[in-house]
Amino acid sequence: MNLRSILTPAFSAFLITVMASVTLNIFSPQQAGRDDTSVETSDIPMPTQATDLTVTPSVSTKPSTTPSVAKPTATPKATARPTAKPCIVTVNGSRYDVTSLRKSHSGGNIFVCGTNMTSTFQSMHGNDYNIIRKYKIS
Amino acid sequence: MNRTSLLFLSSIAITFVLWILSKEHFVLFVSTDTLKAITQICALIGAVGYFFTYILSSKLPFLEKITSLDQLYKTHRLVGTLAGAGILLHVSSLIARLLPLPSAFTLYLIPSTNLSYNVGILAFYLLLVLLITTLYANLPYHIWKLIHKLASFGILFAFLHLLIIPSDISTNLPLRIWMIGIATLGMIAWVYKEFLEQFIRKSFEYRVTNIAKADDITVITMQAQKDSIPATPGSFAFFTFYADNKVVTKESHPFTILDTNANELAIAVKNLGDYTTLISYIPVGSKVVVTGPHGKFGKRILATKEQQVWIGAGIGITPFYSVASYLQKRGLSHHSIDLFYFTSTPDKIFHPTLLASAKETGIKYTYACTSISGRQLPSNLLSEDTVSNKKVTYFLCGPAGMISAYSEYLLSKGVPQKRIITEAFEFKSLEI
């Protein structure tokens with residue numbers, strides 16, 4: 001018996017899976033310029049901080065290319081900071097803001113914002129929705 | 001199947017049972033999430049095999065009481081390959097489960113902030129290095145051995161991954177005890193081999209007294225400086241050569257001990273083009289450190305009283321040569337031995353001596369040079385009368401391909417496995 005005959009099928013399966021995931025990684029809509037917040041910000045309640053920190057060009061006599069943070073205003077404007085954009089996913093009919101979870105999730109950042117991730121959630125966590133209760137927004 | 005293979009299969013069976021018992025509704029679990037079930041069982045089998053390979057290659061003294069060292073290495077190669085296949089399928093099914101999520105690739109193959117994943121990813125990459133360099137790249141032995149040694153540090157990451165990954169191992173106590181137990185044994189074996197063996201295992205210092213060369217074979221004779229190795233006919237040992245008190249290479253190589261005189265021993269080194277070339281030019285007076293002896297091949301030959309067939313190819317003649325010399329020196333005769341020896345080029349070293357000892361000991365000796373008389377097929381070499389005799393024991397030593405071909409032929413002729421005894425110390429051989 002040759003050892004290669006044992007390993008080669010497993011290696012082939014691995015390479016096929018990796019190639020499939022790499023292809024999806026490269027050509028997925030998210031990578032092709034899709035906004036992380038495919039759910040419109042107007043659809044959801046904005047986090048408090050986002051309404052507090054709006055970005056406007058600084059008023060200055062000196063030419064400047066760097067935008068500065070203006071004084072807090074009460075006017076809710078769409079934020080220009082990408083990091084402030086929420087990532088909303090749907091699980092079992094409810095919507096969750098997983099923006100902060102993307103960094104702390106023990107399984108890594110698997111979230112595809114704006115999609116229904118019920119089946120992915122159930123495959124990992126079953127029906128234990130309590131574990132994401134604190135991220136529920138509607 | 002040797003005893004270590006049985007031990008491995010038993011470990012797999014226990015792991016499988018513990019995994020089933022760890023599930024409240026096993027059938028429901030497998031039927032509803034088959035891919036997850038595949039992921040888990042591949043991980044468990046892969047992990048058991050992975051840690052088992054470290055135990056098998058550790059040269060821990062108790063292992064050689066179970067089976068001979070070459071058989072341990074043979075099982076090590078097989079179990080290592082199976083473990084590699086298991087872990088590859090584990091990672092593949094993990095990725096497949098997340099498809100079509102684009103993050104499937106990054107999560108399991110690119111390190112992130114998650115420690116339990118990161119150590120698993122590192123261990124996996126080091127395992128890939130081991131598998132590719134062993135099974136798919138034809139590297140010189142000393143480079144392959146260095147890579148093998150460095151990549152073996154992956155056990156640290158694998159151990160940590162097993163300890164901290166949230167899984168059945170972390171939630172089910174019997175499975176946790178079992179898996180951590182096996183992993184701990186693997187760790188102990190690795191620490192022994194890498195750090196402790198050089199201090200614990202007794203070694204013997206020799207000095208080279210003579211070097212004789214003929215074609216691609218170099219016979220090195222050496223004399224013990226203090227204690228001599230307690231070698232038995234046909235046994236082998238590991239040799240580390242020094243030139244001007246500097247180590248030629250840090251790696252030690254196994255060679256069969258040809259002669260077992262009181263203070264002297266001789267080995268035959270076939271020039272294979274790398275390390276073996278280097279040591280064939282070692283000067284007389286050089287220091288040699290010898291550890292061993294290992295192997296039960298010669299002992300089994302001497303313990304067999306019924307008819308025997310010895311088949312040695314190339315440098316694989318050395319254990320037979322050693323036993324034949326032993327019989328000759330002690331004036332022992334053995335009329336029920338058929339010795340077949342073949343080489344690819346005419347042999348000027350062993351053949352003349354074997355011819356002489358065969359006359360004195362009564363061994364029926366046949367020599368063939370395959371470049372002149374053609375390939376020695378088992379069907380041509382062994383008569384129907386011989387293979388149909390159920391009391392004949394076959395001893396085979398040589399390249400793995402030759403051993404495999406002869407073993408398969410003998411098994412096809414109904415010779416029981418227990419009567420086919422082999423020795424192959426090609427540590428990189430892909431044939432099992």
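**Figure 1. Burial of Cys369(B) and Cys397(B) in the predicted model.** Cys369(B) is buried, with a relative accessible area of 7%; here buried means under 20% relative accessible area, exposed over 50%, and partly exposed in between, computed with a 1.4 Å probe on protein chains only. Cys397(B) is likewise buried, with a relative accessible area of 2%. This is a predicted model, in which local features need pLDDT of at least 70 and side-chain atom pairs count only at pLDDT 80 or more, while totals for chains, interfaces and linings use all residues. Residues are numbered from 1 along each chain as its sequence is written, chains are lettered from A and ligands numbered from 1 in the order in which they are written, and side-chain values use heavy atoms, with hydrogens and water left out.

**Figure 2. The disulfide between Cys87(A) and Cys113(A).** The structure holds 1 disulfide over all chains, a disulfide being a pair of cysteine sulfur atoms within 2.5 Å. The bond joins Cys87(A) to Cys113(A), with an S to S distance of 2.0 Å. The pair links distant parts of the chain, 26 residues apart: Cys87(A) lies in the loop between strand E2 (68-69) and strand E3 (88-91) of chain A, and Cys113(A) in the loop between helix H3 (101-104) and helix H4 (118-125) of chain A. Helices (H or I, at least four residues) and strands (E, at least two) are DSSP runs, numbered from the N terminus. The torsion about the S-S bond of Cys87(A) and Cys113(A) is about -105°, so the disulfide is left-handed. Cys87(A) and Cys113(A) are both buried.

**Figure 3. The open parallel sheet of chain B.** Five strands form an open sheet of chain B in the order E10-E9-E8-E11-E12, with parallel pairing; two strands pair if DSSP finds at least two bridges between them. Strand E10 (364-369) and strand E12 (420-423) of chain B are the edge strands, each pairing on one side only. From one strand to the next, the twist averages 15°. Axes are lines fitted to C-alpha atoms, for helices over the stretch in contact, and angles run from 0 to 180 degrees between N-to-C directions.

**Figure 4. Strand E8(B), strand E9(B) and helix H15(B).** Strand E8 (residues 308-313) and strand E9 (residues 337-343) of chain B run parallel and are joined by 6 bridges. Within this region, Ile311(B) stands opposite Phe340(B) in E9(B). Helix H15 (residues 350-361) of chain B lies across E9 and E10 of chain B and runs at about 160° to E10(B); contact means heavy atoms within 4.5 Å.

**Figure 5. The surroundings of Asn389(B).** Asn389(B) is placed in the loop between helix H18 (384-388) and strand E11 (393-397) of chain B, and at 29% relative accessibility it counts as partly exposed. Its side chain makes a polar contact with the side chain of Gln307(B) at 3.4 Å. A polar contact is a pair of N or O atoms within 3.5 Å; within protein, one must be able to donate a hydrogen and the other to accept it, and residues adjacent in sequence count only if both atoms are side-chain atoms. The side chain of Asn389(B) also reaches the backbone nitrogen of Lys391(B) at 3.0 Å.

**Figure 6. Backbone features in both chains.** Most residues other than glycine have a negative phi, and most peptide bonds are trans. A cis peptide bond, with omega about 0°, joins Gly292(B) and Pro293(B); Pro293(B) is in strand E7 (residues 287-294) of chain B. Lys59(B), not a glycine, has a positive phi of about 60° and counts as buried at 8% relative accessibility.
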